[in-house]
Amino acid sequence: MRRVYTRRSMTEYDPRLVTPACLHLASKAEESTVQARLLVFYLKKIQSDDKHKYEIKHILEMEMKILEALDYYLVVFHPYRALSQLLPDAGLNDISMTQLTWGLVNDTYKMDLILVHPPYLIALACIYIASVLREKDTTAWFEELHVDMNVVKNISIEILDFYENHRMITEERILSALNKLSMKP
């Protein structure tokens, strides 16, 4: 769904329709298909608003629009494989570092990083953050990699900015914003 909205506007594609269409498409891609009629059944159960009642044909039409928006390319590479190879190479494969870096990678899925940067750079940024937090000196290891540390540091800053911004978003602020959005002019 994020990939769709990196290419199309929310005003162009209604999120209330894109969400089930993406779920339907993802289930097909993962070879565990969730039938469109089942999605429609549950949508009708949870959406009380008659204006946005979608039928099977709507989901299937949106599925095609999503495929077109993504240029029919559904593959997304993940940082976990690179992370599991890089941690032992850096000598940081103890349980504490593994859990910390794995958690950092998990949190990057709340951002668009996976859609912008190669997975190995995201893994390196997570290792960099974890090594700084755990006060492990990885300078020599990073130098051996011959990787552009400015890129790794910029990705690290994006991750840390996310944590800083996420901390400032309280439930009260979210409810206030939702109330403002739902008010009619």
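Colleague: Leaving aside neighbours within four places in sequence, which residues is His 24 in contact with?
Modeller: Happy to start there, and please keep in mind that this is a predicted model. His 24 lies in helix 2. Leaving aside its neighbours within four places in sequence, its contacts are Thr 33, Val 34, Gln 35, Ala 36, Leu 39, Ile 59, Leu 60 and Glu 63.

Colleague: Is His 24 buried or exposed?
Modeller: The relative accessible area of His 24 is 4%. Buried means under 20%. His 24 therefore counts as buried.

Colleague: How is helix 2 oriented to helix 4?
Modeller: Helix 2 covers residues 15–29 and helix 4 covers residues 56–69, and their axes are 8 Å apart. The two pack at an angle of about 75°. Angles of 65 to 115 degrees count as roughly perpendicular, so helix 2 and helix 4 are roughly perpendicular.

Colleague: How many residues of the contact of helix 2 with helix 4 are nonpolar?
Modeller: From helix 2, the contact includes Leu 17, Val 18, Cys 22 and His 24, and from helix 4 it includes Ile 59, Leu 60 and Glu 63. Two of the contact residues are polar and two are charged. The nonpolar ones number 11.

Colleague: Which orientation do helix 5 and helix 6 have to each other?
Modeller: Helix 5 (residues 80–90) packs against helix 6 (residues 95–108) at about 155°, with the axes 11 Å apart. Angles over 145 degrees count as roughly antiparallel. The pair is therefore roughly antiparallel.

Colleague: Which residues in helix 5 meet helix 6?
Modeller: On the helix 6 side, the partners are Thr 98, Thr 101, Trp 102, Val 105 and Asn 106. The contact residues divide into five nonpolar, three polar and no charged. In helix 5, the residues are Tyr 80, Leu 83 and Leu 87.

Colleague: Is the crossing of helix 6 and helix 8 right-handed or left-handed?
Modeller: The axes of helix 6 and helix 8 (residues 119–133) come within 9 Å and cross at roughly 130°. That makes helix 6 oblique to helix 8. The crossing is right-handed.

Conventions:
Residues numbered from 1 in each chain as written. Predicted model: local features only at pLDDT ≥ 70, side-chain atom pairs only at ≥ 80, totals over all residues. Heavy atoms only, no water. Axes fitted to C-alpha atoms, helices over the stretch in contact; angles between N-to-C directions. Helix = DSSP H or I, 4+ residues; strand = E, 2+ residues; numbered from the N terminus. Parallel < 35°, antiparallel > 145°, perpendicular 65-115°, else oblique. Contact = heavy atoms within 4.5 Å. Nonpolar A, V, L, I, M, F, W, Y, C, P; charged D, E, K, R; others polar. Buried < 20%, exposed > 50% of the residue type's maximum accessible area, 1.4 Å probe, protein only. Left-handed = near helix turned anticlockwise from the far one by under 90°.
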